[in-house]
Amino acid sequence: MISQQSRHCTVELQALPSRIGQVRRIVSAQLRYWHLDPLIERAALGVTELLSNVHRHAEPDKMCTVEMELLLGRLTVSVHDNDPRLPVVQDAEPFATCGRGLAMVAAVSESWGVRPHGESGKVVWFTLPASSAAVPKISPYDTGLTLDAGQPYDTGRRPAARGRRSEHAPARSAVAG
C-alpha cells in the first residue's frame with residue numbers, strides 16, 4: 001500500500017534473493033516518485049543489507065515487511081520480521097565474506113536501531129536526512145496556480161497549472177539488479 005499524502009510505503013515479502021532485488025527497485029522507484037533521488041543509493045543499500053540479514057538469519061520463516069516513511073525531513077526505512085533474536089554489529093575479520101551488513105547500514109545512515117516487535121519479532125530501522133531540495137519549501141497555494149487533481153507537488157518546478165501536465169524524467173535505477 002502506497003499513500004501519497006502521508007509519504008508512507010509498505011511492502012510485504014518473503015526475503016528471498018529474487019525478492020530482495022525487487023524490493024530494492026521498489027524503494028528506488030518510490031524515492032524517485034517522492035523526488036528524493038539523492039537518497040536512492042543509501043536507502044537501497046540499507047534495505048538490501050537488512051533483507052539479506054532476514055534471509056540469512058530469520059527463523060521460523062523469511063516473511064517480513066519493509067516500511068518507508070518520510071516525516072519531518074527524515075526518511076525512515078524499517079524491516080519487520082518474525083524472529084525475536086536481535087542483531088549485533090560484529091567486528092569482521094579483514095578477509096571475511098560476511099558480517100559487515102549492520103556496520104554498512106550504520107555507515108550510510110544518520111541513525112539506526114533495533115527494537116522488539118510484539119511477542120516474537122523485531123524491527124530493524126535506519127534513517128536518512130532528506131535533502132533540503134527534496135522537501136517542499138513553499139505550498140502550491142503560494143504560486144497562484146491551481147494544481148491538477150492527482151498531480152504530485154514537485155518543488156523543483158512550478159506546480160502544473162490546470163490543463164497542463166508536469167513533465168517527469170523517465171525512471172532509471174542507480175542500483176543494479
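Predicted model: local features only at pLDDT ≥ 70, side-chain atom pairs only at ≥ 80, totals over all residues.
Reader: Which residues of helix α3 are buried?

Author: Gly 101, Leu 102, Val 105 and Val 108, in a helix that spans residues 101-108. Buried means under 20% relative accessible area, exposed over 50%, partly exposed in between (1.4 Å probe, protein chains only). Helices (H or I, at least four residues) and strands (E, at least two) are DSSP runs, numbered from the N terminus.

Reader: Why are they on the same side of α3?

Author: Because they cover an arc of only 130° around the axis. The arc is that of the directions from the helix axis to the C-beta atoms.

Reader: And what do they pack against?

Author: The buried residues of α3 pack against α2 (40-57), β5 (111-116) and β6 (122-129), where contact means heavy atoms within 4.5 Å.

Reader: New topic. How many salt bridges are there?

Author: Three, counting a side-chain nitrogen of Lys or Arg within 4 Å of a carboxyl oxygen of Asp or Glu.

Reader: What does Lys 122 pair with?

Author: Asp 81, at 2.9 Å, N to O. The pair links strand β6 with strand β4, 41 residues apart. Lys 122 is buried at 7%, and Asp 81 is buried at 5%.

Reader: Is Asp 83 buried or exposed?

Author: Buried, at 3% relative accessibility. Its salt-bridge partner is Arg 85 (2.6 Å, N to O), and Arg 85 is partly exposed at 47%.

How values were computed
Residues numbered from 1 in each chain as written. Heavy atoms only, no water.
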